[in-house]
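Try each task before you read its solution.

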Amino acid sequence: MTAGPTPAALIDHVRRANNWNPADFAPFLVDGTIVGRIRRDRIARLRRFADIFVVSQDEVSLAAALDDFAARSAAMGAVLRTLREEGELPGWRDEAYPVKPAWHDRPCMQIERAACPWFGIRAWGVHLNGFVRRGDGLHMWIATRARDRPAYPGELDNMVAGGQPIELDLAVNLVKECGEEAGIPADIARRASAVGMISYRHQGPEGLKPDQQFCYDLELPAAFTPHNGDGEVESFSLLPIDEVMRIVRETYAFKFNCALVVIDFLIRHGLIDGDSERDYAALCCGLRAQDGP
């Protein structure tokens with residue numbers, strides 16, 4: 001659970017997720033297109049890779065000679081292995097992510113997942129709200145992240161959440177993550193409804209995360225109990241939706257982007273509205289305010 005001050009209002013979760021300072025970053029370009037943002041205090045570390053990067057005070061570009069997917073991916077892979085050996089990329093996963101400004105763009109290359117924030121490259125993921133309707137009202141399954149995780153240990157999470165690798169379609173990845181993270185059978189996972197997307201630009205020690213998360217709702221049978229299979233989750237709790245709302249309103253117990261997914265669920269299910277929530281318009285806009293990388 002995150003220590004420190006508590007939110008004064010739900011909009012504080014949006015502000016917390018969108019905490020980046022543009023002045024701290026320089027654009028990272030491939031073939032003239034911005035695909036990332038690199039912390040200015042890291043730029044000097046790239047000058048030694050003179051055959052891979054063109055480095056100036058204001059931007060970093062991939063060398064023009066690297067002009068196709070394979071060449072760019074191989075060159076970046078060599079850089080990333082060096083940075084990893086120097087302790088720059090904790091949480092290495094051997095998982096390739098696409099590099100592209102927007103979801104439907106063609107990737108210009110692929111890189112290791114752990115390197116995306118270092119270069120400020122947008123990553124995508126799938127987040128699923130698992131819920132149950134009972135006689136006493138709506139309940140939501142909430143995961144607690146394992147305490148040995150390198151990222152956000154012990155924080156609350158959506159029932160299912162995972163990154164989007166380059167080789168998988170969204171629907172395939174969602175079914176995979178449902179099975180690995182919560183033991184949800186494929187035939188049930190395929191009933192999930194795509195309900196939109198959240199986006200943010202979050203600045204942290206690892207760099208910049210200008211990410212977008214595809215959101216899904218899945219109503220589960222009352223008798224179903226999730227179980228984790230990949231070590232990401234310590235436990236699951238089925239909580240009344242009023243308790244979920246209280247946690248989000250009063251604490252920063254949720255991983256920062258998972259709080260946004262929950263708030264989006266509360267809005268879409270009419271549990272937060274324009275009459276009851278002073279910041280309703282700001283919440284609705286702020287959940288999807290960040291577009292370009």
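**Exercise 1. How much space lies in the largest pocket?**

Before starting, note that this is a predicted model, where local features need pLDDT of at least 70, side-chain atom pairs count only at pLDDT 80 or more, and totals for chains, interfaces and linings use all residues. Residues are numbered from 1 along each chain as its sequence is written, and side-chain values use heavy atoms, with hydrogens and water left out.

Step 1. The largest pocket holds about 1200 Å³ of space. On a 1 Å grid over the protein atoms alone, a pocket is an open set of points where a 1.4 Å probe fits, with protein on both sides within 12 Å along at least five of seven lines; lining residues have an atom within 4 Å of a point. Points are joined across faces, edges and corners, and the volume is the space filled by probe spheres set on them.

Step 2. Look at the lining: it has 50 residues, and Arg93, Arg113, Ala151, Tyr152 and Lys209 are the closest to the centre.

Step 3. Now find the elements. Those giving two or more residues include helix H3 (116-119), strand S7 (124-134) and helix H4 (170-182); H4 gives the most, with 4 residues. Helices (H or I, at least four residues) and strands (E, at least two) are DSSP runs, numbered from the N terminus.

Step 4. Sort the lining by class: 19 nonpolar, 11 polar and 20 charged residues. Here Ala, Val, Leu, Ile, Met, Phe, Trp, Tyr, Cys and Pro count as nonpolar, Asp, Glu, Lys and Arg as charged, and the others, Gly among them, as polar.

**Exercise 2. Which residues line the second largest pocket?**

Step 1. This pocket has a volume of about 170 Å³.

Step 2. Its lining consists of Ser73, Gly77, Leu80, Arg81, Trp92, Asp94, Glu95, Ala96, Gln110, Ile111 and Glu112.

**Exercise 3. Is Asp94 buried or exposed?**

Step 1. Find Asp94 in the loop between helix H2 (69-85) and strand S5 (96-99).

Step 2. Check its backbone: phi is positive, about 55°, although Asp94 is not a glycine.

Step 3. Asp94 is exposed, with a relative accessible area of 65% (buried means under 20%, exposed over 50%, partly exposed in between, with a 1.4 Å probe and protein chains only).
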